[in-house]
Amino acid sequence: MAVVAQSSTFSRIFWPTVAWLTAMIFFFPIFWMVFTSFKTDADAVKPEYLFFFTPTFENYLNMTENYDYWRFAINSVITSTFATAFALVVGVPCAYSMAFNPTPATKNILMWMLSTKMLPAAAVLYPMTFLTKNFLGIYDTHFLVIVVLMLINLPIVIWMLFTYFKEIPKEIIEAGKMDGVNTWGEIKDILIPLAWGGVASTALLCFIFCWNEAYWTVRLTTTEAATLSKLIEGNRAPEGLFFGRLSAVSTAAVGPIVVLGWFCQRQLVQGLTFGAVK
């Protein structure tokens with residue numbers, strides 16, 4: 001009994017300690033980014049000002065007054081919101097069809113969609129840039145960024161929704177059909193309410209991926225549709241990186257998505273654990 005009690009006490013102390021240490025390790029880069037954002041560019045690279053310095057809001061004022069932060073932020077909101085919405089509009093019917101009307105090719109189609117995520121983005125950068133600039137005339141537009149963000153996240157959206165929809169008993173959908181509910185009614189009135197946690201978590205993750213996307217948003221925009229990733233990328237020069245300004249811009253870019261995740265954590269956890277307990 002004494003051994004069991006000691007083991008139980010050890011577990012209550014050891015595992016929470018490991019969890020807190022792990023959380024602190026993952027949180028430290030964010031803390032250091034915010035910490036550095038209150039230094040000047042000169043102080044940010046001086047060892048003597050590593051921990052002790054005079055805080056300043058110069059970088060944030062410079063970001064809003066000289067770098068037009070709000071225009072980049074609005075572009076990020078527009079592109080991320082519409083890309084997420086369109087991905088759900090396409091992904092929900094696709095996942096519904098595969099979950100409740102599977103065919104022998106369903107598994108292969110799912111694997112093929114997932115395999116597209118393995119394609120190196122650099123392999124299609126030149127043809128996409130060439131076509132959008134010279135033929136389609138949509139380079140540096142919101143439409144192009146929205147379509148690209150939607151397409152690169154659509155496989156993940158369909159996979160997640162497919163997993164959630166598979167947890168719903170097929171008999172519920174069949175009962176709806178017997179009552180005369182059409183396909184749209186099954187999705188809108190039966191499926192989405194039952195799998196709302198999964199749909200919400202999928203939408204949140206897709207929005208985060210769209211917001212954080214840097215490769216395509218940097219290379220397919222210049223000024224008109226440039227997002228916060230473009231603003232962050234602009235804080236460099238031949239002389240090097242401006243660490244103070246770069247940290248301030250990065251903090252301002254990460255902040256909204258962290259706040260969103262904080263307020264939506266209930267839906268996120270509910271969606272990620274959907275179907276885990278029967």
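Tyr96 touches Asn101, Phe165, Ile173, Lys177, Thr183, Glu186, Ile187 and Leu191, leaving aside residues up to four places away in sequence, where contact means heavy atoms within 4.5 Å. This is a predicted model, in which local features need pLDDT of at least 70 and side-chain atom pairs count only at pLDDT 80 or more, while totals for chains, interfaces and linings use all residues. Residues are numbered from 1 along each chain as its sequence is written, and side-chain values use heavy atoms, with hydrogens and water left out.

**Nonpolar cores**

- Tyr96, Phe100, Leu161 and Phe165 touch the most other members of the largest nonpolar core, which has 42 residues; such a core is a set of buried Ala, Val, Leu, Ile, Met, Phe, Trp, Tyr and Cys residues joined through side-chain atoms within 4.5 Å.
- The elements that give two or more residues to this core are H3, helix H4 (106-115), helix H6 (142-166), helix H8 (183-194) and H9, and H6 gives the most, with 15 residues.
- A second, separate core has 17 residues, among them Tyr60, Phe207, Val249 and Ile257.

**Packing of H3 and H9**

- Helix H3 (residues 69-100) and helix H9 (residues 196-212) pack with their axes 9 Å apart and at an angle of about 140°, the axes being lines fitted to C-alpha atoms over the stretch in contact and the angles running from 0 to 180 degrees between N-to-C directions.
- H3 and H9 are therefore oblique to each other, a class left over once angles under 35 degrees count as roughly parallel, over 145 as roughly antiparallel and 65 to 115 as roughly perpendicular.
- Residues of H3 including Ala73, Ser76 and Leu88 meet residues of H9 including Thr202, Phe207 and Trp211.
- By class, this contact of H3 with H9 has 10 nonpolar, five polar and no charged residues.

**The chain as a whole**

- The chain has 13 helices and two strands, which are DSSP runs numbered from the N terminus, with at least four residues (H or I) for a helix and at least two (E) for a strand.
- Buried residues make up 38% of the 278 residues in the chain, buried meaning under 20% relative accessible area, exposed over 50% and partly exposed in between, with a 1.4 Å probe and protein chains only.
- Of the contacts in the chain with a separation of 6 or more, 75% are between residues 24 or more positions apart.

**Ser250**

- Ser250 lies in helix H12 (residues 243-263) and is buried, with a relative accessible area of 12%.
- Not counting residues up to four places away in sequence, Ser250 touches Met33 and Ile232.

How values were computed: Ala, Val, Leu, Ile, Met, Phe, Trp, Tyr, Cys and Pro count as nonpolar, Asp, Glu, Lys and Arg as charged, and the others, Gly among them, as polar.
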